Amino acid sequence: LRKEIRRLESNKFIADAMLGSLARKLRILGFDTKYHRSGSDHELEEIAINEGRVMLTSDRILWKKSHDELIPVLLITGKNDRERLIRLLEQASANSITLKQNEARCAVCNGELLKVRKEMLKNKLPDELLEKHRLYFTCKDCGKVYWRGRHWSRLRRLFIILNSKRI
Ligand SMILES: [Zn+2]
């Protein structure tokens, strides 16, 4: 087995069908994450190679196969997403992959989020909600509206904590 010695910096993933909820969290955390809901393992590998994405899989056999083919791949196991995130950080560091966080993306479709003026959301969101936050975002692709609510902040804080424990 040849050893990969180069360091890889990545903010792009492709998650296998078992990792849908982790994929949504990774998008909020600011990682460009495709979700391979259906399709063959071969297609999954092709997308990873062509788009420079790190593969995330919970399938040990697929992980071994892709790893032997020198495709950047992380084996993600765990009972819940917290455990999976820890695993992701451990695996990334064991494989010399530096994770680079960017702006949050759409949890639903992985689209880029754009800041929107509150006035633009007047008939989309109730006034009480619009009072609550300063910044709102919409997905460039599907139009879903986001704000930095409790769920969002909690998740980003958790990631910072998990990440700092690793160093
Ligand atoms: Zn979207």
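Modeller: Start with helix α2, residues 41-51. Helix α2 lies across β2, β3 and β4 (54-57), where contact means heavy atoms within 4.5 Å. It runs at about 175° to β2. Angles go from 0 to 180 degrees between N-to-C directions, with axes fitted to C-alpha atoms, for helices over the stretch in contact. Helices (H or I, at least four residues) and strands (E, at least two) are DSSP runs, numbered from the N terminus.

A word on the source. This is a predicted model, so local features need pLDDT of at least 70 and side-chain atom pairs pLDDT 80 or more, while totals for chains, interfaces and linings use all residues. Residues are numbered from 1 along each chain as its sequence is written, and side-chain values use heavy atoms, without hydrogens or water.

Now look under the helix. The sheet is open, with four strands in the order β3-β2-β4-β5 and parallel pairing. Two strands pair if DSSP finds at least two bridges between them. The edges are β3 (32-35) and β5 (73-75), each pairing on one side only. From one strand to the next, the twist averages 25°. Strand β2 (residues 12-15) pairs with β3 over four bridges. There, F13 has T33 of β3 as its bridge partner.

Helix α3, residues 60-68, lies across β4 and β5 and runs at about 150° to β5.

What links K65 and E45? They form a salt bridge, with the closest N and O atoms 3.0 Å apart. The term means a side-chain nitrogen of Lys or Arg within 4 Å of a carboxyl oxygen of Asp or Glu. K65 lies in helix α3 and E45 in helix α2, so the pair ties together parts 20 residues apart in sequence.

Are these two partners buried or exposed? Buried means under 20% relative accessible area, exposed over 50%, and partly exposed in between (1.4 Å probe, protein chains only). E45 is buried, at 4%. K65 is partly exposed, at 39%.

By this rule the count comes to 13 salt bridges. Among them, R87 meets E90 at 3.8 Å, N to O. Both lie in helix α4 (residues 81-94), three residues apart, about one turn of the helix. R87 is partly exposed at 24% relative accessibility, and E90 is partly exposed at 31%. Elsewhere, salt bridges with shared partners join D32, K34, E51, R53 and R105 into one network.
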